[in-house]
Amino acid sequence: MINKLKITFLFGVFVMLFATNMKAQIKQGDLVDGIAAVIGDEIVLESDVNEQMNYAKQQGASNTDKCEFLENLINNKLLVYEAKKDTLIENRSAAIKSQANAKYSQLLSQFPDEKAMLAAYKFRNGYEMKNAIEKIDTDTYYGQAKYQRVTDKADVTPNEVTDFYNLYKAQLPEIKDEVSLAQVMMYPKLTEAHKDELINKLKKIKQDIAGGESFESQARIYSEDPGSASTGGLMKNISKGQMVKPFEAAALNLQEGEISDPIESEFGYHIIQLVKKSGKIYDARHILLMATPTEDEIKTAKKKLDSIKTLIVEGKITFKDAAFKYSDDKKTKFNGGVIAGADGSNKIERESIPGTISYELAGLNKDDLTNAFDDEDERKRKVVKIVKIEEVIPAHQITLETDYDRIKQMALNKKRNEMVEKFVNSKLPTTFISIDSRYDSCKFKGNWKKEALKK
């Protein structure tokens, strides 16, 4: 029953992870190995089913029912099919293609050359791999967009939360050891001399380009952008609003072929060349020198954070006010520095805390603060932070008194799942469905086979 409490979007979860990390083991030829099902004009390949199963196994899943994996894929494809017909869902084909190209370039930067990357991921050529990433991202976008449209008005009352708990409490999981954490995070500031060094280096590169060097070759040599350096700094089909503001403002103020002076963004320092512009879409090349702080700059930032910690400990400022006043983390500074858990709540399982933070928290109790320490953000940029343990929640059986918000989310997910199931069933009679005969023995939860036989 617990499986039914979750949104059955295993494919959606799988494809997002595949698109960002490309960790699934794809065998050469899998992408053209046969059709498992057709829903409207959307196709589920046999390789799609196998890859979802393989990924689930790698993540430790015990269920290997191929029929269930196929049904998850069919459900998602029907939502994708309906989403593409929904005029209220934005067509983001150009942006998705650009995103796929950027992901391809980012992956390429992790290998010595394209041949090595294609061999590692078992693709025959770059075109095939880019198409696979684009297809996955497209399905993810449309499936999620339609899911949100269908479940937009979902809500649960307190009575419904109580009824849900009373009905399923015997099946609800035990809560593991958790903590609630808050942080003040800073990006170490570069000295003026360090900034000038980066800017002058970019000015010299620009001069060399004016003297006959190509922008593309200089980007391959000097750019520190892992997503575009290997393509000569080229980023294609950029939608207006897609890039950070300083980059976009500089790029769109250029004439085609013109190169900007060095500009600063949250990523570092760039020079930009506008390649072409058509309406709200443009192509550009850039060379990025990242604002990577030196050891002395990191020490200076840590010293400042330690002084802020002293003010907090002495009661001269609250942690909440310190986060708002000093933190550079936009996701936490406005809510007292509280770090969100994987489920969106303010509770984090102890065993899932990253190693660097876990080490600093060792031996600390509720309301204790760490000393300032250095870490990395999700973009691998150097940061320094202090962390406070706001609350300690020992392992316990889930109850309404201690876990109301969590139970409410479970009840809401169940209701959303029922709304999606009702929507899918309403579309079955009018949607073309064909399932390959190799799945004739499957016992699906939905009426997929029955509807397929009618058509």
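## Salt bridges

In this predicted model, 29 salt bridges are counted, a salt bridge being a side-chain nitrogen of Lys or Arg within 4 Å of a carboxyl oxygen of Asp or Glu. One of them joins K176 to E351, with 3.1 Å between the closest N and O atoms. This pair links distant parts of the chain, 175 residues apart: K176 is in the loop between β3 (174-175) and β4 (178-186), and E351 is in the loop between β9 (348-349) and α14 (355-361). Helices (H or I, at least four residues) and strands (E, at least two) are DSSP runs, numbered from the N terminus. K176 is partly exposed at 41% relative accessibility, whereas E351 is exposed at 60%; here buried means under 20% relative accessible area, exposed over 50%, and partly exposed in between (1.4 Å probe, protein chains only).

Another salt bridge is formed by the side chains of E418 and K414, at 2.5 Å from N to O. These residues are 4 apart in helix α15 (residues 400-427), so about one helical turn separates them. E418 is partly exposed at 40%, but K414 is buried at 16%. R438 and D436 also meet in a salt bridge (2.8 Å, N to O); R438 is partly exposed at 43%, as is D436 at 26%.

## The disulfide

The model has 1 disulfide, defined as a pair of cysteine sulfur atoms within 2.5 Å. It joins C67 to C442, with an S to S distance of 1.9 Å. The link is left-handed, with -75° about the S-S bond.

## The lining of the second largest pocket

The second largest pocket is lined by 48 residues, with A102, K103, Q106, D225 and G227 nearest its centre. On a 1 Å grid over the protein atoms alone, a pocket is an open set of points where a 1.4 Å probe fits, with protein on both sides within 12 Å along at least five of seven lines; lining residues have an atom within 4 Å of a point. Helix α5 gives the largest share of this lining, 12 residues.

## Basis of the values

Residues are numbered from 1 along each chain as its sequence is written, and side-chain values use heavy atoms, with hydrogens and water left out. Local features need pLDDT of at least 70, side-chain atom pairs count only at pLDDT 80 or more, and totals for chains, interfaces and linings use all residues.
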